Amino acid sequence: MSIASPCIDICKFDSKTGFCIGCMRTRDECKSWKKMKDKHRRKIIEDRSRREHKLGK
């Protein structure tokens with residue numbers, strides 16, 4: 001089963017961290033999501049809380 005995109009249609013990127021303030025992915029991760037293997041997608045999803053902390057959420 002493929003891992004669904006965490007996109008919530010906000011798509012605004014923080015200039016300091018480079019993370020989308022909606023889904024916590026980088027621009028490159030957003031662009032290449034469809035081509036990524038589930039293993040890589042899972043790592044990005046699991047890293048969300050660290051990214052939110054870095055963003056100050």
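Helices here are DSSP runs of at least four residues, numbered from the N terminus. With that in hand, welcome to a few close-ups of this predicted model.

**View A. I21 and its nonpolar neighbours.** I21 sits in the segment that comes before helix 1, which covers 27-32. Together with I8 and I10, I21 makes a nonpolar surface patch of about 240 Å². The relative accessible area of I21 is 32%, so this residue counts as partly exposed.

View B. Is T17 buried or exposed? Its relative accessible area is 18%, and buried means under 20%, so T17 is buried. Look here for a polar atom of the T17 side chain, which lies 3.2 Å from the backbone nitrogen of F19.

**View C. R25 over the ring of W33.** Here R25 lies over the face of W33. The distance to the ring centre is 4.9 Å. While you are looking at rings, how many aromatic pairs does the structure hold? The count is zero.

**View D. F13 and R41.** F13 is found in the segment before helix 1. With a relative accessibility of 24%, F13 is partly exposed. To place F13 against another part of the chain, compare its position with that of R41: the two are 28 residues apart in sequence, and their C-alpha atoms are 19 Å apart in space.

Conventions
Residues are numbered from 1 along each chain as its sequence is written. This is a predicted model: local features need pLDDT of at least 70, side-chain atom pairs count only at pLDDT 80 or more; totals for chains, interfaces and linings use all residues. Side-chain values use heavy atoms; hydrogens and water are left out. Patches are made of residues with over 30% relative accessible area and no salt bridge: like charges are joined within 9 Å, nonpolar side chains (Val, Leu, Ile, Met, Phe, Trp, Tyr) within 5 Å. Accessible areas come from the Shrake-Rupley method with a 1.4 Å probe; for residues, only the protein chains shown count as cover. A salt bridge is a side-chain nitrogen of Lys or Arg within 4 Å of a carboxyl oxygen of Asp or Glu. Helices (H or I, at least four residues) and strands (E, at least two) are DSSP runs, numbered from the N terminus. Buried means under 20% relative accessible area, exposed over 50%, partly exposed in between (1.4 Å probe, protein chains only). Rings of Phe, Tyr and Trp (its six-membered ring) pair if their centres lie within 6.5 Å; planes under 30 degrees apart count as stacked, over 60 as edge-to-face and the rest as tilted. A charge sits over a ring if NZ of Lys or CZ of Arg is within 6 Å of the ring centre and within 35 degrees of the ring normal. A polar contact is a pair of N or O atoms within 3.5 Å; within protein, one must be able to donate a hydrogen and the other to accept it, and residues adjacent in sequence count only if both atoms are side-chain atoms.
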